[in-house]
Amino acid sequence: MNFSLEVILLSLLMFVGTFLLGWAPTWLNASRKVMNLVSIFGAGMLVGAAIIVVIPEAVKVIIEATYDPKSGAEEVVPETLAFNMGTAIVVGFTIMLIIDESFKILQ
């Protein structure tokens with residue numbers, strides 16, 4: 001199967017799953033414990049979408065942008081580039097955690 005089609009189908013599946021689990025508390029009449037479990041599972045779907053789709057795509061784009069086929073070298077990610085990608089991922093998740101926690105404090 002075409003790689004682009006795989007990414008589109010996986011993204012669509014993750015969107016539908018996240019949307020339904022995010023919408024479920026509005027039409028479910030259940031206890032608070034069940035609602036917390038549903039919302040945790042929905043958040044896990046969102047994080048899963050980021051890990052499965054977005055991060056590998058970003059890494060692939062960065063590697064393709066830095067690889068020069070004219071040099072004749074093998075396609076190897078330099079150590080500094082790998083460190084920068086890891087740092088960017090950690091900083092991104094940290095910023096999202098700070099934003100999430102700040103909204104909890106404001107409520």
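What is the volume of the largest pocket? The largest pocket has a volume of about 710 Å³, where a pocket is an open set of points on a 1 Å grid over the protein atoms alone, with protein on both sides within 12 Å along at least five of seven lines. This is a predicted model, in which local features need pLDDT of at least 70 and side-chain atom pairs count only at pLDDT 80 or more, while totals for chains, interfaces and linings use all residues. Residues are numbered from 1 along each chain as its sequence is written, and side-chain values use heavy atoms, with hydrogens and water left out.

**Overall fold**

- The protein chain holds three helices and zero strands, and its elements run α-α-α from the N terminus on; helices (H or I, at least four residues) and strands (E, at least two) are DSSP runs.
- Of the 107 residues of the protein chain, 11% count as buried, a word that stands for under 20% relative accessible area, whereas exposed stands for over 50% and partly exposed for what lies in between (1.4 Å probe, protein chains only).

**The largest pocket**

- Its lining has 19 residues, and the closest to the pocket centre are Leu46, Val47, Phe93, Met96 and Leu97; a lining residue has an atom within 4 Å of a point.
- Helix H2 (32–66) and helix H3 (79–106) are the elements that give two or more residues to this lining, and the largest share, ten residues, comes from H3.
- By class, the lining of the largest pocket has 16 nonpolar, one polar and two charged residues.

- Tryptophan 23 lies in helix H1 (residues 3–27), and it counts as partly exposed because its relative accessibility is 46%.
- Threonine 18 also has its place in helix H1, and its relative accessibility of 21% is why it counts as partly exposed.
- Threonine 18 and valine 47 are 29 residues apart in sequence, and their C-alpha atoms are 9.8 Å apart in space.

Conventions
1 Å grid on protein atoms, 1.4 Å probe; cavity = no way out; pocket = protein on both sides within 12 Å on 5 of 7 lines; lining within 4 Å. Points joined across faces, edges and corners; volume = space filled by probe spheres on them. Nonpolar A, V, L, I, M, F, W, Y, C, P; charged D, E, K, R; others polar.
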